Amino acid sequence: MIVIDAGSPVPPFEQLRAQLARQIQDRTLAVGARLPTIRRLAADLGLAVNTVGRAYRELEEAGLIETRGRAGSFVTAAGEEARERARVAAAGYAAAVAALGLDPDEALRIVEAALRSALPAGSRPENRS
């Protein structure tokens, strides 16, 4: 389910992109799932076709979806690849923290601060419901 908050300072295309990306990454949208057409989703959400098109283009550039011409847009396996890359990076960070002798709680605060500065405002954990 996608919800666009018209009162949010986050542009609608970014709200849509972030929500679809989250659904792909948490496997709510499975690999191979067909997404609604741009026109259909725009009509369902009350958005301009170009707004939905921009969100789909950004998801495609990120490798989360692929468009197969008239067949439509589908969820790719990139979400799984991204998850594995994040796991490897986390393992490397954990090893560095241990080698430096940092407290685990402090290490987590460092990661949380880094994530807050790296993620767009609309997709930050404190903005999720």
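Helices are DSSP runs of H or I with at least four residues, numbered from the N terminus. Residues are numbered from 1 along each chain as its sequence is written. This is a predicted model, where local features need pLDDT of at least 70 and side-chain atom pairs count only at pLDDT 80 or more, while totals for chains, interfaces and linings use all residues; side-chain values use heavy atoms, with hydrogens and water left out.

Start with Tyr93, which sits in helix α4 (residues 78-100). Tyr93 counts as partly exposed because its relative accessibility is 30% (buried is under 20%, exposed over 50%, partly exposed in between, with a 1.4 Å probe and protein chains only).

Next, select α5, residues 104-118. Its 15 residues reach 21 Å from first C-alpha to last, close to the 21 Å expected at 1.5 Å a residue (the expected span is 1.5 Å times one less than the number of residues). Now show Asp103: it caps the N-terminal end of α5, with a side-chain oxygen 3.1 Å from the backbone nitrogen of Asp105.

Now for salt bridges (a side-chain nitrogen of Lys or Arg within 4 Å of a carboxyl oxygen of Asp or Glu). How many does the structure hold? There are 4, and here are some of them. Jump to α2 (residues 38-45), where Arg40 and Asp44 lie 4 residues apart, about one turn of the helix. Their closest N and O atoms are 3.3 Å apart, and both residues are exposed.

Finish at Arg68, whose salt bridge to Glu66 has its closest N and O atoms 2.8 Å apart.

Definitions and conventions
Helices (H or I, at least four residues) and strands (E, at least two) are DSSP runs, numbered from the N terminus. A polar contact is a pair of N or O atoms within 3.5 Å; within protein, one must be able to donate a hydrogen and the other to accept it, and residues adjacent in sequence count only if both atoms are side-chain atoms.
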